[in-house]
Amino acid sequence: MVWFLVPLLLGFALNVASAFTTAFVRRWGERRGRQVTAVLRNVVGIPVWVVGIVLAARVDAPLLLRASGVREATAWILLLGGAALITWALVALRVRAAVPSTTDPLVAIGPYALVRHPIYAGMFLEFFGVALHRPTAPLLIACAIGIAWLFVQAKCEELDLVQRLPAYEHYMRHVGRFIPRRRVAGPD
């Protein structure tokens, strides 16, 4: 019943490792460092943890919540909202989402003007939507681990972004991590 945890945790660990683009570039150069990041994230990390989520969804387990039109509608709203936010963020980032570089400029347009990690904010919505859509113990565990992973992943990426983007510290002070901050006029 818990075998889904192996690919889930391995995929999340590989994704966390992909957050250190600056370290990879320092060790192996710009081209190879970018390749390591891209492979860890896109070729191995994401596909492996997605397999873990799919396996958790396929475990034959009872639903923990009764069937409800409201629950199902809410699940689909969260799933579609998350997908829309992720798509908007990927369009704003372009290729930088898949292959980050130490020479990338700070992206502070579109959803990045509102939150520092809109892809992860969308993934929060996705995890909650999946959990509502099929509320079984294995899937709730997988989604809870996924939500915890998003906090770790965002923190690790911020450690890297502060090193490679000089303007990122200022950006962090003014833009919320996952939820937009209320704008207050005043000194910087």
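Begin by selecting Trp-49. In this predicted model, Trp-49 is buried, with a relative accessible area of 10%; the cut-off for buried is under 20%.

Keep both residues in view and consider the whole structure: a search of it finds 10 aromatic pairs. One of them is formed by Phe-12 and Trp-49, a tilted pair with 5.3 Å centre to centre and 40 degrees between the planes. Now colour the two helices that carry these rings. Phe-12 lies in helix H1 (residues 5-17) and Trp-49 in helix H3 (residues 30-58), so the pair ties together parts that are 37 residues apart in sequence.

Then move to Phe-124 and Phe-151. These two residues form an edge-to-face aromatic pair, with 5.4 Å centre to centre and 65 degrees between the planes. Here too, distant parts of the chain are linked: Phe-124 belongs to helix H5 (residues 118-133) and Phe-151 to helix H6 (residues 137-164), 27 residues apart.

Show the surface around this second pair. Are its members, Phe-124 and Phe-151, buried or partly exposed? Phe-124 is buried, at 12% relative accessible area, whereas Phe-151 counts as partly exposed, at 41% relative accessibility.

Terms used: Residues are numbered from 1 along each chain as its sequence is written. This is a predicted model: local features need pLDDT of at least 70, side-chain atom pairs count only at pLDDT 80 or more; totals for chains, interfaces and linings use all residues. Side-chain values use heavy atoms; hydrogens and water are left out. Rings of Phe, Tyr and Trp (its six-membered ring) pair if their centres lie within 6.5 Å; planes under 30 degrees apart count as stacked, over 60 as edge-to-face and the rest as tilted. Helices (H or I, at least four residues) and strands (E, at least two) are DSSP runs, numbered from the N terminus. Buried means under 20% relative accessible area, exposed over 50%, partly exposed in between (1.4 Å probe, protein chains only).
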